[in-house]
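I opened my notebook to go through this model from overall shape down to side chains. Here is what I looked up, in order.

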Amino acid sequence: MTIYELDKKLNNALIEFSEEMRSHFDEGDSTPATKDDIHTVARSTFYTMDTFRKEIIEYLSKNK
């Protein structure tokens, strides 16, 4: 895997996170966040960070 390919995979993970957040929360909505909202953000953040971890480890393993 090249740095370009890693960058593309990480960027795709960010795009997916952004789309997920936009599907749950309307931009400009001033409704207070609920515990469920915070749970949704936390879960999506965890999944995105886990994707980053996996992709970085894969990159490092292949480019020793």
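I take the radius of gyration over C-alpha atoms, and my globule rule is 2.2 Å times the number of residues to the power 0.38. By that rule a compact globule of 64 residues would come near 11 Å, but I find 15 Å for the chain. The C-alpha trace spans about 50 × 20 × 10 Å along its principal axes.

A note on ground rules: this is a predicted model, where local features need pLDDT of at least 70 and side-chain atom pairs count only at pLDDT 80 or more, while totals for chains, interfaces and linings use all residues. Residues are numbered from 1 along each chain as its sequence is written, and side-chain values use heavy atoms, with hydrogens and water left out.

Next I looked up the secondary structure and found two helices and zero strands (DSSP runs, H or I of at least four residues for helices, E of at least two for strands, numbered from the N terminus).

How do α1 and α2 pack, and at what angle? Helix α1 (residues 3-24) and helix α2 (residues 35-62) pack at about 170 degrees, with axes 10 Å apart (axes are lines fitted to C-alpha atoms over the stretch in contact, angles run from 0 to 180 degrees between N-to-C directions). That makes α1 roughly antiparallel to α2 (angles over 145 degrees).

I then checked the contact (heavy atoms within 4.5 Å): Leu10, Leu14 and Phe17 are among the α1 residues, and α2 brings residues including Val41, Phe52 and Ile56.

Last, I checked burial: 17% of the 64 residues count as buried (under 20% relative accessible area, 1.4 Å probe, protein chains only). Phe46, at 52% relative accessibility, counts as exposed (over 50%).

Definitions and conventions. Angles under 35 degrees count as roughly parallel, over 145 as roughly antiparallel, 65 to 115 as roughly perpendicular and the rest as oblique.
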